[in-house]
Every structure is written in C-alpha cells, then in structure tokens.
Amino acid sequence: MEETYPVESYPYVSQSFKCNDYFVEYKKVLSETLYKQEAELETKSTTLEKIACMMGISLSECTDLEQKCSILQLENVNDPVDPLELKVRSEAMSADDKLEKATRTLATAVELKAIKAHPLQYEKKLRDLKKMSIPTFKQEPNPSSEVKLPKEFVMIARVFRPFRSHMGSHTVAHAQDFMLLGSQNLVDFRDKIKCMNDDLPVGEAGAIKDHIKSGMFFFGNTFYYDGRVLTNINYGEVIERWAKEKPEMKLGPFENRDMAECKISDLEIRLGFPYVFMHLGSCEHLVTFLDARLMDPEDLQNPDEYPLVVETENEVMYCFACDVHDSSYYVDDDQMPTKPVNLCEQCFEVFYKRNGVIPPSTEEVYYCKFPGKATIDEKSEEVLESSD
C-alpha cells in the first residue's frame, strides 16, 4: 500500500505500529506509574478509603474534607468565609432552599427558577433535553468507579463512500465512523460496514449483497479476505496475480490472511493513512484509523455492542442511469435494462419528459416520487433562500 501511496505524501499520518505490541508496552508503563497504586487500592473496601489512598492522606482527613466540600456548606453567600474555617452543617437543606440561595450569585440558577415558574415551559425544556440523548445501546446502570488499568483498547475507524481511482484528488465523503475493540475479529468490522450499493436489485433475485458475499481489507501489504463462504473469491490472490504479470509496477510481495482468524490487535497500521475495503467485485472504500486508545469508564462497557457505529451519513441510493445523483423516482418500465430502477430528477426528465410535460403514470410505465424528495426547482429555491 505504501509503495503505491508514499507516506511522504501524507505528512499527518503516524508512524507504523503493531497495535497489540504498542498497547502491551503502554500498559506496562502505566502500571509502573499512574496505576502503581492499583494493587493497594484493591485492598480498600469503601470508595472513601480508595480516594484517601489516591490522594495520599489519612481516612480521617479525607472524611473531614468531604464534609467541608459538601453542598450543605452553601451558606452565607453574602458573607464569604474561608473554606477551612467552615463548620460542618448537620441539617439538610431542601431543594427549593438550595435553589433560593444559589440564585443570589448564579445566573443559571436564576434562569432555572424563572423557568420553573412556568410549568409548560419547564416541561418543554425537559423534553428538549431528552431528545438530545441517543439511547442506541444498553449501558450498565451503575458503571464501576474503581480505578483499574483497562485491559481492552479501542480503535476509531472511518469508512468512506465508494470511490474510483480515476476520481483523482476529489474529496470523498465519509460514510461511517466505528469504535472497534482490539479483541474483535476483522469479520465483525466487515459485517457492520454499510454501502448504498449493497441493496442494488438483481432482477427478481433480491439484493446483490445476498449473491456476492466476498470482501477484502488491504492493510499494509496484507490482504485480509472473507473466507466464511466456500464460494467467496479471494480478491487478494487475483490482485497478486495481476501484480506479478506487471513487474514494471513493482508491487508486492503480498500476504493473504483470512479475516476471520485475524483480530484488530494483530494489525500493523498508521493512523491517518488510507487503506482499502473492497466488496461486490469492484466496489472500493477508503478506510482510515483516526485514533487508538485504552478503553475508559465512560465508554460502553458491554463488548457485545461493538463494533459500535458512532457516526453515519444519511443513506443514499444513487441513480441507476448516471450513478451520480441521489434517486428521486421509482420506475417500473419494460424498456429499462432491469426493472424496477431508481432514477434521479435529471435522468427521469431526460427519459420521460415530452414537450415540456411528463405524462401521467400508466400500467406500462409506472413511476412514483420517493417521499421527502424535493424537486430541482424546490432545491434551487432552498439554495437561494439560504444564500440570502
């Protein structure tokens, strides 16, 4: 890969590293520094004891500090007192009392008090906050607060939309971002990748993805093929034969490995470098790794939920005729090479518009517009309005 695309052309990429070896060394360094207290912490039974151990103070000092930093000490805001001179309050304050005292100095508390005075507005704000959350997976109800050296590491991978080599330096939009665990196989990653070409119809036999199941990753100089189905083609062997027939290209030597037997941790990669995922015979996607880090407590802890899709674009079905624009029409016409087909606004008008008019749909030529698809004129108006 680096022979075709020299690393010097990508100044932002990292040095090459073996994932497993790097994180083994990294965790060794952490265990001797930041996590040196881990063994001692395991002997502590309460959270307060563990905090005292990490802070290097006695339990009584930590207890005293906890009391002095308690929310119960939000008193005498108009008469500041040195925190070290505060006396511990034993009586509890109600939520309304806390809000009343906080409004003396905190603007956010003033706003909250004003909103609570109008119940409908308060409920609307709560609903807006709920809409902002995306509960796409199940998180443990009480994540562990124990400080332990993580055993797992996470890779952030980005998959781009299909591209062709003749596109040159044109920017290719990305399609999906993934969080991958080092312990997962490459087939887990491969099965999560979605492509708009997967659902292209093959006559009446269904989608093309159900008939062509071969796939391949190309990382470094190694082809990782999908060998789960006996009829799958090893694209790597095909490319390797082609490279040997063209010695002037100076490509290779290559290796071939079954992706079902290879874990993410086995890869040797560069962050930011473009790699390739290929499927459906000739559909190619660029793949880059954006980040590599140890798993932290805020990450989803259930490994069964990974690979986790953390970002995805809106699904697009490209026009059957031009393969450039998003489809706007479903067309069932015997004159087409296959039926049905999806056409964009422009191609639909080229095929069916006569004397400036599109004839009504009939049994011989049936068509309908996809819901939510704006016409060309509507799109133009939206662009003009946004520019104003």
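This is a predicted model: local features need pLDDT of at least 70, side-chain atom pairs count only at pLDDT 80 or more; totals for chains, interfaces and linings use all residues.
**Stop 1: S14**

Select S14. You are in the segment before β1 (17-18). Is S14 buried, partly exposed or exposed? S14 is partly exposed, because its relative accessible area is 22%, and buried means under 20%.

Along the chain, S14 and R270 are 256 residues apart, yet their C-alpha atoms are separated by 5.2 Å. Setting aside neighbours within four places in sequence, S14 is in contact with R270 and L271. Which atom of L271 does the side chain of S14 reach? Draw a distance line to the backbone nitrogen of L271: the side chain of S14 reaches it at 2.7 Å.

**Stop 2: Q184**

Move on to Q184. Look for the loop between β3 (174-181) and α8 (186-192). Q184 has a relative accessible area of 8%, so this residue is buried.

**Stop 3**

Select residues 329-333, which form strand β11. Show the side chains. Which residues are on the covered face of β11, and which on the uncovered one? Y329, V331 and D333 make up the covered face. Y330 and D332 make up the uncovered face.

Next, select β12, residues 341-343. β11 and β12 pair in the antiparallel sense, over three bridges. Pick out two of the partners. Y330 has N342 as its bridge partner in β12, and V331 has V341.

Then select β13, residues 365-369. This strand runs antiparallel to β11, and five bridges join the two. Find V331 again: in β13, Y367 stands opposite it.

Now show the three strands together. They form an open sheet in the order β12-β11-β13, with antiparallel pairing. Which strands are at the edges? β12 and β13 are the edge strands, as each pairs on one side only. Turn the view to follow the twist, which averages 25 degrees from one strand to the next.

Finish with helix α10, residues 345-352. The helix packs on the sheet and touches β11, β12 and β13. Compare directions: that of α10 makes about 35 degrees with that of β11.

Notes. Residues are numbered from 1 along each chain as its sequence is written. Side-chain values use heavy atoms; hydrogens and water are left out. Helices (H or I, at least four residues) and strands (E, at least two) are DSSP runs, numbered from the N terminus. Buried means under 20% relative accessible area, exposed over 50%, partly exposed in between (1.4 Å probe, protein chains only). Contact means heavy atoms within 4.5 Å. A polar contact is a pair of N or O atoms within 3.5 Å; within protein, one must be able to donate a hydrogen and the other to accept it, and residues adjacent in sequence count only if both atoms are side-chain atoms. Two strands pair if DSSP finds at least two bridges between them. Axes are lines fitted to C-alpha atoms, for helices over the stretch in contact, and angles run from 0 to 180 degrees between N-to-C directions.
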